[in-house]
Amino acid sequence: GSDLEEEESTENLQNLAVYTTNNDPKSFGEAEKLDVWRKAMDQEMEAIENNMTWELTTLPDKANTIGVKWVYKTKYNEKGEIEKHKARLVAKGYSQKHGIDYDEVFAPVARWDTIRAILALAAKENWKVFQLDVKSAFLHGELTEDIYVEQPPGYQKGNKDMVYKLKKALYGLKQAPMAWYSKIEAYFTVEQFKKCSHEHTLFVKYGSNNKILIVSLYVDDLICTGNDLSMIHDFKESMKKNFAMTDLGKMKYFLGVEVTQSEDGIFIHQHKYALEILKRFGMENCNKVCSPIVPGCKLSKDENGSATDAKRFKQMVGCLMYLLATRPDLAYSICLVARFMERPTVMHIAVVKRIMRYLKGTLTDGIMYKHTNDKRLELIGWSDSDYAGDLNDRKNTSGYVFMLGTGAISWSSKKQPILTLSTTEAEYVAAAVCACQCIWLKNVLNHLQITHNNGIVIYCDNSSSIKLSKNPIMHGRCKHIDVRFHFPRNLTKDGIVELKHCKSQEQLADLMTKPLKLEAFLKLKEGLGMQQCLKHEVCGP
């Protein structure tokens with residue numbers, strides 16, 4: 001696969017659902033023997049009926065039916081206590097054919113960058129952030145195609161050859177997420193929210209006297225905040241009228257991330273999830289280490305090393321990837337090991353295990369967005385590159401970090417897509433990638449009414465690449481730099497972005513591009529706004 005594919009697969013891993021350990025029933029036969037699961041199935045059937053999701057009918061000639069199956073899941077709260085038993089009826093969407101049973105399947109989900117930006121803003125302003133959950137969200141989506149499903153196991157009615165014709169989407173259907181998104185988007189439009197054109201899951205309502213209500217959507221979980229509690233209250237009431245909603249109160253546990261709101265600010269961490277990873281891979285009693293990777297460690301494909309269980313390696317890296325929602329200190333090491341998915345060796349496993357040992361000693365680490373009295377929130381970027389760092393293909397790692405107020409909201413550590421011929425060029429390409437993200441963030445922040453009158457500063461520790469961004473005369477040694485990486489120059493000229501020099505030891509993005517010595521690592525980690533959870537009771541035992 002190309003580097004682009006590798007990059008996409010890394011992106012997708014980061015968006016994976018949280019892994020949980022469970023002993024939930026695997027089949028209807030198992031579940032029907034237990035009272036709690038029978039009740040859960042009754043509730044799901046009731047929700048489907050109340051919602052007028054389907055009607056019983058005979059199957060027309062030449063129409064397909066899609067099978068359905070039950071999926072069982074025990075839901076836990078952030079303390080690890082059982083919250084509810086959930087049975088969900090799911091259509092076997094993999095038997096659908098494109099063009100016949102569905103056309104449009106893409107539905108946007110909020111990026112963590114956006115969620116963290118909202119939290120940084122709310123923390124600074126001392127706003128409360130609330131969380132809502134739409135019960136059986138996908139069942140609200142209207143369908144545009146004719147779809148027939150079999151009757152569910154345990155709930156047959158009338159003639160067993162009868163089928164249900166769906167009027168609304170069912171979980172598992174390929175188009176269900178899109179149908180739901182269209183429905184909720186239409187609701188926001190009617191309610192006079194403005195959708196952010198750069199982040200389709202961000203909706204903002206501007207009231208009189210600078211009142212603002214911000215809503216971000218992640219499939220059926222949504223968070224809302226703003227400077228006017230009555231606007232928030234009206235929004236919740238109106239949502240309850242239109243959809244079956246659960247008001248979860250203050251945001252505490254969102255997509256596996258724990259959120260602590262206090263007078264000092266908002267702290268995010270993944271203590272519970274980190275513990276689960278260690279347990280799953282038998283590392284809960286391992287020794288601790290102080291840094292995730294040995295300083296100066298360079299990994300190679302290790303062609304002569306003995307191969308190891310690739311499936312297990314992928315599972316370990318996949319689970320670790322999800323920690324990047326709150327752990328920029330792990331970005332470099334996790335993204336490095338993710339490059340060796342094809343043929344991992346004992347050496348690669350050792351590096352992953354070291355990351356887990358580091359995790360063991362930093363279980364409650366996270367990012368603190370502080371409440372401050374500063375007039376405005378400022379976005380500042382840091383861009384860095386490690387020249388010819390990859391031992392196999394001599395490509396560089398480029399990294400960036402963006403701080404909003406006191407904490408990092410966006411970061412990346414990636415192998416550059418091209419071979420560069422000098423450190424200047426490597427830093428320049430990294431700055432271009434960083435500038436791209438900068439423009440996107442600036443547009444999202446504008447929608448949240450965080451504006452930047454002057455250019456956004458991006459710090460870079462290579463003075464030649466800064467000169468290159470300001471100097472329109474092409475230097476002989478830079479003629480070959482691909483045209484697409486020259487747009488920082490236009491942004492600099494237009495005053496949108498300003499590249500500034502910083503000392504290497506102050507370069508926050510160094511954390512994203514190289515294995516650092518312990519002292520430098522800890523200093524930069526603190527610079528990102530990272531700290532340990534201070535209140536012991538909040539983070540559990």
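## Basis of the description

Because the model is predicted, local features are described where pLDDT is at least 70 and side-chain atom pairs count only at pLDDT 80 or more, whereas totals for chains, interfaces and linings use all residues. Residues are numbered from 1 along each chain as its sequence is written, and side-chain values use heavy atoms, with hydrogens and water left out.

Helices (H or I, at least four residues) and strands (E, at least two) are DSSP runs, numbered from the N terminus.

## The five-stranded sheet

An open sheet of five strands runs in the order β19-β18-β17-β20-β21, with mixed pairing; two strands are taken to pair if DSSP finds at least two bridges between them. Its edges are β19 and β21 (497-501), each of which has a single partner strand, so one side of each is left without a neighbour in the sheet. From one strand to the next the twist averages 20°, where angles run from 0 to 180 degrees between N-to-C directions and axes are lines fitted to C-alpha atoms, for helices over the stretch in contact.

Strand β17 (residues 379-386) is joined to β18 by eight bridges, and the two run antiparallel; Trp382 has Val401 in β18 as its bridge partner. Helix α4 (residues 112-125) packs on this sheet and touches β18 and β19, its direction making about 160° with that of β19; contact here means heavy atoms within 4.5 Å.

Strand β18 (residues 397-404) also pairs with β19 in the antiparallel sense over eight bridges, with Phe402 standing opposite Ser410 in β19. These two strands form a hairpin with two residues between them, and Gly405 in the turn has a positive phi of about 70°. Eight of the nine residues of strand β19 (residues 407-415) are buried, so the strand is largely enclosed by the rest of the structure; buried means under 20% relative accessible area, exposed over 50%, and partly exposed in between, with a 1.4 Å probe and protein chains only.

## The four-stranded sheet

A further open sheet, of four strands, has the order β1-β7-β6-β2 and mixed pairing. Its edge strands are β1 (54-57) and β2 (65-66), each of which pairs on one side only. Between β1 and strand β7 (residues 163-166) the pairing is antiparallel and extends over four bridges, and the bridge partner of Glu55 in β7 is Lys165.

## Helix packing

Two packed helices are described by the angle between their axes and the distance between the axes. Helix α5 (residues 176-190) and helix α6 (residues 229-242) pack at an angle of about 135°, with their axes 12 Å apart, and the two are therefore oblique to each other, given that angles under 35 degrees count as roughly parallel, over 145 as roughly antiparallel, 65 to 115 as roughly perpendicular and the rest as oblique. The contact involves Ile184, Tyr187 and Phe188 of α5 together with Phe235, Ser238, Met239 and Asn242 of α6. These residues divide into five nonpolar, two polar and no charged, where Ala, Val, Leu, Ile, Met, Phe, Trp, Tyr, Cys and Pro count as nonpolar, Asp, Glu, Lys and Arg as charged, and the others, Gly among them, as polar.

For α7 and α8 the packing angle is about 170° and the axes are 10 Å apart, which makes α7 roughly antiparallel to α8. Tyr273, Ile277 and Arg280 of α7 meet Gln315, Cys319 and Leu320 of α8, and the residues of this contact divide into four nonpolar, one polar and one charged.

## Individual buried residues

Ser291 lies in the loop between α7 (271-280) and α8 (310-321) and is buried, with a relative accessible area of 6%. Leaving out residues up to four places away in sequence, Ser291 touches Arg354, Tyr358, Leu518 and Phe521.

Cys335, in helix α9 (residues 331-337), is likewise buried, at a relative accessible area of 10%. Apart from neighbours within four places in sequence, Cys335 is in contact with Leu324 and Ser413, while its C-alpha atom is separated by 9.7 Å from that of Leu320, 15 residues apart along the chain.

## Residues with positive phi

Most residues other than glycine have a negative phi. Lys62, in the loop between β1 and β2, has a positive phi near 65° and counts as exposed at 87% relative accessibility. Gln449, in the loop between α11 (423-447) and β20 (456-460), also has a positive phi near 65°, but is partly exposed, with a relative accessible area of 46%.
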